[in-house]
Amino acid sequence: IYPLILNWATGSGGGSTASDNVSIMSEDFYIPQLDRNRRIWIYLPPDYESSEKSYPVLYMHDGQNLFDAETSFAGEWEVDESLDELYEQSFNVPIVIGIDNGGIHRINEYTPWPNPNYGGGDGDKYVDFIVETLKPYVDDNYRTLTDRNNTAIMGSSLGGLISFYAALKHQDVFGKAGVFSPSYWFSDSVWIFTDNHPKEYNIRIYQMIGGNEGAQNIQNLSIMEDYLLNNGFSANELFKKTIPNGSHNEALWRNDFDISYKWLFKDYIGGIGENYKSGILVKPNPAKDEISILHYIPKQGDSLSIYDISGMELILIRNVSANSINISALKSGVY
């Protein structure tokens, strides 16, 4: 059984939870490729109005579910809260463009090929809208870094499928893709498409899925990674992970958003190097199941992250309350 979201409800009520730096860029942005209109959201970094900087842009699907619980179906991603928090920690954050899904048109727009049971197949036109219409408008009206290395696309489920498709088809436009719980099962054409789109540029592709999303869906991520490696993409451009007990929902994607962002934008975010003051000592070293940080007294609001040597964040503990950390889930290696 594969999870398939046909469309989203109109909202959950309870009042807006969007940050002050989130706004509606347009209530009825015209999509000429599909001859319909769509609401478009925009998140601006907290320092956008007070600076003259230009910023990378992250394009995301299912805009109803990204910023505001009031418009979401089953909870929001909290993209704005996550990025605001990273900004407060001295990380650089991007502009985010959220494109509402089209309700009854969602399946058609997020699938490049038809499925005999569910239809679909307008994904190419939807991607062309982002590349040919929406991105030029955003670049003309906001201070953006327009090159491919500063342009990313991200989505979940069918939104993960169309993000993957867009990144491979338009490697000259997108340098990064966040592919969450992708619906690779929707059409076997995805494998032919991947084989027909070998590496043209350096790209970063982050794939993730929940452990409760089905054995075949989990295996598909590994199969896709093999396809990409066989088509010229290097191992350090690709990352995949399965989150134990994770299910196909916003909670899974919300909890992994900041980790995926920091990996995809590792060359932009700064933060860690800028704030680095002195080394820390841990014991035991090497360690097995637990480490303690010597001479450290937790302070309110402290966060702790553990990274592998490629810069991938593997453990994130917010509001640290003790100086001992359980690391039993980590494989043997250097961190």
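**Entry 1: model.** I am working from a predicted model.

**Entry 2: cores.** I looked up the largest nonpolar core and found 82 residues in it. I97 and L134 have the most contacts inside this core. Helix 4, residues 158–169, gives the largest share of the core, with 8 residues. I also noted a second, separate core of 9 residues. I291, V320, I325 and L330 are among its members.

**Entry 3: L134.** Which residues does L134 touch, not counting residues up to four places away in sequence? I listed M25, F29, I40, Y59, I97, I99 and F129.

**Entry 4: hairpin.** I turned to strand 1 (residues 22–31) and strand 2 (residues 36–43). They pair in the antiparallel sense over 7 bridges. The two strands form a hairpin with 4 residues between them. D35 sits in the turn and has a positive phi of about 55°. F29 stands opposite R38 in strand 2.

**Entry 5: second largest pocket.** I read a volume of about 630 Å³ for the second largest pocket. Its lining has 19 residues. F239, K241, L314, A329 and L330 lie nearest the centre. L330 is also in the second, separate core. Which element supplies the largest share of this pocket's lining? Strand 8 does, with 4 residues. Strand 8 (238–243), helix 7 (250–264) and strand 12 (313–318) each supply at least two residues. I sorted the lining into 10 nonpolar, 5 polar and 4 charged residues.

**Entry 6: cavities.** How many cavities of 30 Å³ or more are there? I count 2. The largest cavity holds about 70 Å³ of space. I listed its lining as S82, E85, L86, Q89, D258, K262, S303, L316 and R318. Helix 1 (79–88) gives the most to this lining, with 3 residues. Helix 1, helix 7 and strand 12 each supply at least two residues. The lining divides into 2 nonpolar, 3 polar and 4 charged residues.

**Entry 7: cross-check.** I compared the two linings by element. Helix 7 and strand 12 each supply at least two residues to the second largest pocket, and each also supplies at least two to the largest cavity.

Definitions and conventions:
Residues are numbered from 1 along each chain as its sequence is written. This is a predicted model: local features need pLDDT of at least 70, side-chain atom pairs count only at pLDDT 80 or more; totals for chains, interfaces and linings use all residues. Side-chain values use heavy atoms; hydrogens and water are left out. On a 1 Å grid over the protein atoms alone, a cavity is a set of points where a 1.4 Å probe fits but cannot get out, and a pocket is an open set with protein on both sides within 12 Å along at least five of seven lines; lining residues have an atom within 4 Å of a point. Grid points are joined across faces, edges and corners, and a volume is the space filled by probe spheres set on the points. Ala, Val, Leu, Ile, Met, Phe, Trp, Tyr, Cys and Pro count as nonpolar, Asp, Glu, Lys and Arg as charged, and the others, Gly among them, as polar. A nonpolar core is a set of buried Ala, Val, Leu, Ile, Met, Phe, Trp, Tyr and Cys residues joined through side-chain atoms within 4.5 Å. Buried means under 20% relative accessible area, exposed over 50%, partly exposed in between (1.4 Å probe, protein chains only). Contact means heavy atoms within 4.5 Å. Two strands pair if DSSP finds at least two bridges between them.
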